[in-house]
Amino acid sequence: ETRQAKTPLRMLVVEDDPISSGIVKSVAERCGFVVQTIENGEVFDAAIEASPPDVIVLDVSMPGGSGIHAVPELLERAPKVLLHDHLDGGLRPRTVIELAAEYGYSGLPTTDENDLSKWFHRGAKRNDLVLYLETFAHTVGVMQDKDAIERVSFECAADLAADGVVYAEVRMAPELCTEKGLTLDEVMEAIMSGFRRGSAGTDLTIYAILSAMRTAARSLEIA
């Protein structure tokens with residue numbers, strides 16, 4: 001398939017200086033882009049809604065808005081791909097507290113939602129892998145029951161979809177969830193059921209990456 005036969009990419013140039021805008025437009029069109037130019041930030045949202053571009057060139061300072069201020073909104077809107085996320089590393093603090101109470105896990109450092117959120121964030125910024133992994137003791141601790149695992153997986157998929165993620169690969173070692181007697185198959189059934197429910201009706205495609213712990217010898221079972 002030749003480049004000419006493909007659907008050309010769309011570029012939106014937001015620039016109030018006509019000389020700069022013209023230069024960008026000229027170069028981009030020679031590269032095969034279909035270019036739309038606007039001169040101020042006031043019509044920026046309308047232009048994106050009318051014809052979502054593949055590429056956006058933003059002026060930092062312009063009438064009616066700032067390119068810098070527009071970036072967070074663009075990132076929120078943009079479709080995203082997330083690779084190698086950790087299922088047991090992204091639980092909602094409230095969920096951790098509720099599951100701990102429901103299933104009798106008593107190891108949490110606090111049962112206050114805001115304090116627990118801060119505690120997890122501090123743990124993630126220790127610049128020490130051993131210390132960082134200590135936080136996972138509590139998330140895994142509340143993921144020992146099938147309904148709990150399914151809820152965590154459901155919320156993982158729902159949160160990713162809400163953030164605009166369209167493709168995700170989420171990692172988990174299922175043997176970590178077998179302390180109360182669940183089988184590997186039961187753990188995976190709960191995870192996949194949660195993923196299916198959480199992604200239903202969204203643009204998200206989500207898969208599980210299974211890992212085996214070096215401290216055990218169950219890699220063939222997990223595979």
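Trainee: In which helix is the place of Ile23 in this predicted model?

Mentor: Ile23 belongs to helix H1, which covers residues 18–30. Together with Ile19 and Val27, Ile23 makes a nonpolar surface patch of about 290 Å².

Trainee: What makes Ile19, Ile23 and Val27 a nonpolar surface patch?

Mentor: Patch members need over 30% relative accessible area and no salt bridge, and nonpolar side chains are joined within 5 Å. Ile19, Ile23 and Val27 make such a patch.

Trainee: Why is H4 called roughly antiparallel to H8?

Mentor: The axes of H4 (residues 93–103) and H8 (residues 146–162) cross at roughly 170° and come within 11 Å. Angles over 145 degrees count as roughly antiparallel, so H4 is roughly antiparallel to H8. Thr95, Glu98, Leu99 and Tyr103 of H4 meet Asp147, Ala148, Arg151, Val152 and Glu155 of H8. These residues comprise four nonpolar, one polar and four charged.

Trainee: How do you know that Glu155 and Arg92 meet in a salt bridge?

Mentor: The N to O value is 3.6 Å, and the cut-off is 4 Å; the pair therefore qualifies as a salt bridge. Glu155 lies in H8 and Arg92 in the loop between strand S6 (80–86) and H4, so the pair ties together parts 63 residues apart in sequence. The whole structure holds 10 salt bridges.

Conventions
Residues numbered from 1 in each chain as written. Predicted model: local features only at pLDDT ≥ 70, side-chain atom pairs only at ≥ 80, totals over all residues. Heavy atoms only, no water. Axes fitted to C-alpha atoms, helices over the stretch in contact; angles between N-to-C directions. Helix = DSSP H or I, 4+ residues; strand = E, 2+ residues; numbered from the N terminus. Parallel < 35°, antiparallel > 145°, perpendicular 65-115°, else oblique. Contact = heavy atoms within 4.5 Å. Nonpolar A, V, L, I, M, F, W, Y, C, P; charged D, E, K, R; others polar. Patch = residues over 30% accessible without salt bridge, like charges linked within 9 Å, V, L, I, M, F, W, Y side chains within 5 Å. Areas by Shrake-Rupley, 256 points an atom, 1.4 Å probe, with all protein chains shown as cover. Salt bridge = Lys/Arg side-chain N within 4 Å of Asp/Glu carboxyl O.
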